[in-house]
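The notes are below the structure.

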Amino acid sequence: MSESDFEEHGRVAFDVFARNCTSRATLEHVTGRWGILALAALRDGTMRFNALRRRVDGVSEKMLAQTLQALERDGFVHREAQATIPPRVDYSLTPLGEATAKRLFELIEFVEDNMLDVAANQARYDGARK
């Protein structure tokens, strides 16, 4: 955090629209293609890595691992590794992750519920461009 992150009363002020604000990177972790899907999938409960990868269809192992690591670092996801053979790693939402996933899921539902309108708008736009 830099000096510019502090207001005059000692409170931290974040502005996602400011280029160097740390909140921008966190917003990217949460709302990036894989972050939003991983958080929404974990609303169903604790999942092992491969189960989560199957749920988030299309994500590579590398991208899911990077996404989960960023979300864990930010405090949205809890990673629990168990010393078994083979090793077992479970992922779950933290309270911060649950609150965030709830809001993201509302956005997902809104988009899904409005896809007929979106498709009509896309067709209208594409037709006008021909």
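I am working from a predicted model, where local features need pLDDT of at least 70, side-chain atom pairs count only at pLDDT 80 or more, and totals for chains, interfaces and linings use all residues. Residues are numbered from 1 along each chain as its sequence is written, and side-chain values use heavy atoms, with hydrogens and water left out.

Sheet. I took helices (H or I, at least four residues) and strands (E, at least two) as DSSP runs, numbered from the N terminus. I found three strands in an open antiparallel sheet, ordered S1-S3-S2; pairing takes at least two DSSP bridges between two strands. S1 (47-48) and S2 (77-82) are the edge strands, each pairing on one side only. I looked up S2 with S3 (residues 88-93) and found six bridges, antiparallel. His 78 has Ser 92 in S3 as its bridge partner.

H1 and H2. The axes of H1 (residues 22-31) and H2 (residues 33-41) come within 4 Å and cross at roughly 60 degrees. Axes are lines fitted to C-alpha atoms, for helices over the stretch in contact, with angles from 0 to 180 degrees between N-to-C directions. I noted His 29, Val 30 and Thr 31 of H1 meeting Arg 33, Gly 35, Ile 36 and Leu 39 of H2, where contact means heavy atoms within 4.5 Å.

H2 and H5. H2 packs on H5 (residues 95-113) at about 110 degrees, with the axes 9 Å apart. From H2, Ile 36, Leu 39 and Ala 40 take part, and the H5 side includes Leu 104 and Phe 105.
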